[in-house]
Amino acid sequence: MSGDVAATIRTRKFLTNRLLARKQMVVDVLHPGRATVPKTEIREKLARMYKTTPDVIFCFGFRTQFGGGKTTGFGLIYDTLENAKRFEPKYRQARHGLLEIKRTGRKQRKERKNRQKKVRGTAKAKVGSDKKK
């Protein structure tokens, strides 16, 4: 069903950011008669447009206009994967599958927070680590 109607991707406000070693742009996706296009598909199409691989492309912030048919978001194309790992926030790397964020259980985090409230200053770090051992 997703392959019935092709989605058109246009980029605007294109900027080459040399300090962060990336190209950044606003991405407009036209998809009349179709649900919102997956980010993986957008990455593949951007990779073909800019002659690069999809692993260095990060798309985020997509919002579909009321009534559907058009979605607008933001795209970043890094020069290398190393630059992407260096400059991209950890949560976006995790979405991309480059990083695994390990978190303790919710109850453990809350108990630790409440133990830390009972002490002052540098002792807070000790409270968190003592109880874990």
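Me: Which residue in strand 2 does Thr16 stand opposite?
Reply: Happy to start there, with the note that this is a predicted model. Strand 1 and strand 2 run antiparallel, joined by 8 bridges. In that pairing, the residue of strand 2 that stands opposite Thr16 is Lys23.

Me: In what order do the 4 strands form the open sheet?
Reply: The pairing in this sheet is antiparallel. From one strand to the next the twist averages 20°. The order of the strands is 1-2-4-3.

Me: What angle does the direction of helix 1 make with that of strand 3?
Reply: Helix 1 packs on the sheet, where it touches strand 1, strand 2 and strand 3. Its direction and that of strand 3 make an angle of about 125°.

Me: Which elements are included in what covers the buried residues of helix 1?
Reply: Let's take the buried residues themselves to begin with: in helix 1 they are Glu41, Ile42, Arg43, Lys45, Leu46 and Ala47. Their cover includes strand 1, strand 2, strand 3 and helix 3 (90-96).

Me: How many residues does strand 3 give to the largest nonpolar core?
Reply: This core has 19 residues, and those with the most contacts inside it are Val27, Val29, Ile42, Leu46 and Ile57. Two or more residues each come from strand 2 (22-30), helix 1 (39-49), strand 3 (57-64) and strand 4 (70-78). Strand 3 gives the most, and its share is 5 residues.

Me: What is the bridge partner of Ile57 in strand 4?
Reply: Strand 3 and strand 4 pair over 6 bridges in the antiparallel sense. Setting aside neighbours within four places in sequence, Ile57 is in contact with Arg43, Leu46, Ala47, Thr52, Leu76, Ile77 and His96. The bridge partner in strand 4 is Ile77.

Me: Why is the pair of Phe58 and Tyr78 edge-to-face?
Reply: A search of the whole structure finds 3 aromatic pairs. In this one the ring centres of Phe58 and Tyr78 are 5.8 Å apart. Phe58 lies in strand 3 and Tyr78 in strand 4, so the pair ties together parts 20 residues apart in sequence. The pair is edge-to-face because planes over 60 degrees apart count as such, and here the planes are at 90°.

Me: Is Phe74 buried or partly exposed?
Reply: Phe74 in strand 4 pairs with Phe60 in strand 3, 14 residues apart. Their ring centres are 5.6 Å apart with planes at 55°, so the pair is tilted. Phe60 has a relative accessible area of 17%, which makes it buried, since buried means under 20%. Phe74, at 28%, is partly exposed.

Me: Which residue lies over the face of Phe60?
Reply: Phe60 is buried, and its ring also has a neighbour over its face. That residue is at 3.7 Å from the ring centre, and its name is Arg92.

Methods: Residues are numbered from 1 along each chain as its sequence is written. This is a predicted model: local features need pLDDT of at least 70, side-chain atom pairs count only at pLDDT 80 or more; totals for chains, interfaces and linings use all residues. Side-chain values use heavy atoms; hydrogens and water are left out. A nonpolar core is a set of buried Ala, Val, Leu, Ile, Met, Phe, Trp, Tyr and Cys residues joined through side-chain atoms within 4.5 Å. Buried means under 20% relative accessible area, exposed over 50%, partly exposed in between (1.4 Å probe, protein chains only). Contact means heavy atoms within 4.5 Å. Two strands pair if DSSP finds at least two bridges between them. Axes are lines fitted to C-alpha atoms, for helices over the stretch in contact, and angles run from 0 to 180 degrees between N-to-C directions. Rings of Phe, Tyr and Trp (its six-membered ring) pair if their centres lie within 6.5 Å; planes under 30 degrees apart count as stacked, over 60 as edge-to-face and the rest as tilted. A charge sits over a ring if NZ of Lys or CZ of Arg is within 6 Å of the ring centre and within 35 degrees of the ring normal.
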